[in-house]
Amino acid sequence: MQFFGGTEISPSPPVPTASGNNGNMMYIFNRNGVCLLYREWNRPLKTLSSQQDHKLMFGLLFSLKSLTAKMDPTSAEKGNLGVPQLPGQGCSFHSFRTNTYKLSFMESPSGIKLILVTHPRTGDLRDSLKYIYNLYVEYVVKNPLYTPGTPIRSELFNKTVDQYVRGLGTELAVMLCKKPSYVCVLAD
Amino acid sequence: MVREVSESCVESLLSEIVLSYCSGFYANKPELAARRIEAIGFQVGHQLSERYTMDRPRFTDNLEAIKFICKDFWSELFKKQIDNLKTNHRGTFVLQDNRFRWLAHMSIDPLVQASGNIQDPSAMAENKSAQATGMHLYFPCGIIRGTLSNLGIECAVSADISNLPACELITLITYNSFSYI
């Protein structure tokens with residue numbers, strides 16, 4: 001029984017490029033909802049003021065995290081609301097995808113939330129988020145001139161993050177230039 | 001026997017020393033705080049030079065002692081050597097490290113840097129951050145002074161950080177025991 005055909009039956013979706021109509025942003029929040037960093041590489045549509053935008057983003061992720069944990073069918077005990085968990089423990093939400101973007105999320109045990117918004121065909125970004133968290137530890141936490149809880153103003157950190165994310169973007173663009181084909185065959 | 005210690009611990013300890021002296025003990029007297037930090041470095045340098053020159057013969061002159069600092073001493077402390085050594089042959093040596101390990105994580109506010117000297121408040125903020133960065137260099141200066149003092153050479157050491165993360169340590173030798181040989 002043939003389920004999906006090849007690309008001649010349904011038109012393949014347009015190949016998104018790294019720069020183009022796809023949003024590309026990064027947020028870093030701390031435990032108390034303070035937005036430590038907001039970087040934007042491509043954002044065609046801005047609807048809210050940046051404060052409202054940050055509040056909305058933080059509230060959304062806070063609720064999503066507790067919702068996913070409460071609805072977990074495999075574990076009996078649910079953690080306390082808002083408490084960050086160790087990686088691998090409990091149920092952790094890591095990404096959601098719409099037809100126009102994909103949002104990847106990671107929370108460290110200290111409550112630092114990293115959010116990356118990329119184009120919808122991005123793969124699993126958990127390792128990239130871990131790498132960015134390591135950059136945060138190296139250039140922000142270990143910087144004696146930084147006061148924890150305040151927005152990040154470190155040139156070194158901004159530069160390295162920019163380089164890394166642009167590198168990620170070009171990798172994905174190269175990968176997507178090969179034409180995708182969807183063939184899914186189920187036999188009785 | 002070589003004992004090892006975690007690098008993050010050392011760096012956190014050093015930044016905490018500077019913070020507590022500058023905003024804790026000597027809150028409004030940066031010169032006093034600087035002197036205390038440099039004195040701690042002096043003690044450390046004294047003891048370190050004792051340990052690292054244990055199996056070596058005496059140094060024949062100033063240049064040999066400075067070269068020891070640039071090569072062996074710096075490799076023991078930072079796993080690399082000094083990148084550039086300049087001298088005026090009259091007692092002044094400039095040791096340049098292109099990527100000073102203890103400053104590698106520091107970085108200043110890009111907005112402050114961009115505005116430059118246009119308005120007074122931003123110039124003040126830039127000076128403050130330069131001053132804060134400078135405070136972290138009193139400890140290495142003290143280390144060098146202590147090391148040389150244990151080898152019989154009195155000197156004054158200052159630091160220049162015009163381009164991070166490169167760092168220049170300027171050593172002016174005031175007295176040495178070799179001039180009487």
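I count a salt bridge when a side-chain nitrogen of Lys or Arg is within 4 Å of a carboxyl oxygen of Asp or Glu. This is a predicted model, so I keep to its limits: local features need pLDDT of at least 70 and side-chain atom pairs count only at pLDDT 80 or more, while totals for chains, interfaces and linings use all residues. Residues are numbered from 1 along each chain as its sequence is written, chains are lettered from A and ligands numbered from 1 in the order written, and side-chain values use heavy atoms, with hydrogens and water left out.

**Entry: charged pairs.** I looked up A:Arg39 and found it in a salt bridge with A:Asp162, with the closest N and O atoms 2.7 Å apart. A:Arg39 lies in strand β3 (residues 35-42) of chain A and A:Asp162 in helix α3 (residues 155-176) of chain A, so this pair ties together parts 123 residues apart in sequence. Between chain B and chain A the count is zero.

**Entry: the interface.** Here 15 residues of chain B are in contact (heavy atoms within 4.5 Å) with 11 residues of chain A. The two chains bury about 1,200 Å² between them, 57% of it on carbon and sulfur atoms. Buried area is the accessible area (1.4 Å probe) that two parts lose on being put together, summed over both.

**Entry: α2(B) on α6(B).** The axes of helix α2 (residues 30-52) and helix α6 (residues 138-150) of chain B come within 6 Å and cross at roughly 45°. That makes α2(B) oblique to α6(B). Axes are lines fitted to C-alpha atoms, for helices over the stretch in contact, with angles from 0 to 180 degrees between N-to-C directions. Under 35 degrees counts as roughly parallel, over 145 as roughly antiparallel, 65 to 115 as roughly perpendicular, and the rest as oblique.

**Entry: α3(B) on α6(B).** Helix α3 (residues 62-78) of chain B and α6(B) have axes that come within 12 Å and cross at roughly 125°. They are therefore oblique to each other. In α3(B), residues including B:Phe68, B:Phe73 and B:Trp74 meet residues of α6(B), among them B:Ile143 and B:Leu148. I sorted this contact by class and got 10 nonpolar, one polar and no charged residues. (Ala, Val, Leu, Ile, Met, Phe, Trp, Tyr, Cys and Pro are nonpolar, Asp, Glu, Lys and Arg charged, and the others, Gly among them, polar.)

**Entry: α2(B) on α3(B).** These pack at about 100°, with their axes 11 Å apart. α2(B) and α3(B) are therefore roughly perpendicular to each other. B:Leu48, B:Ser49 and B:Tyr52 in α2(B) meet B:Phe68, B:Phe73, B:Glu76 and B:Leu77 in α3(B).

Note on methods
Helix = DSSP H or I, 4+ residues; strand = E, 2+ residues; numbered from the N terminus.
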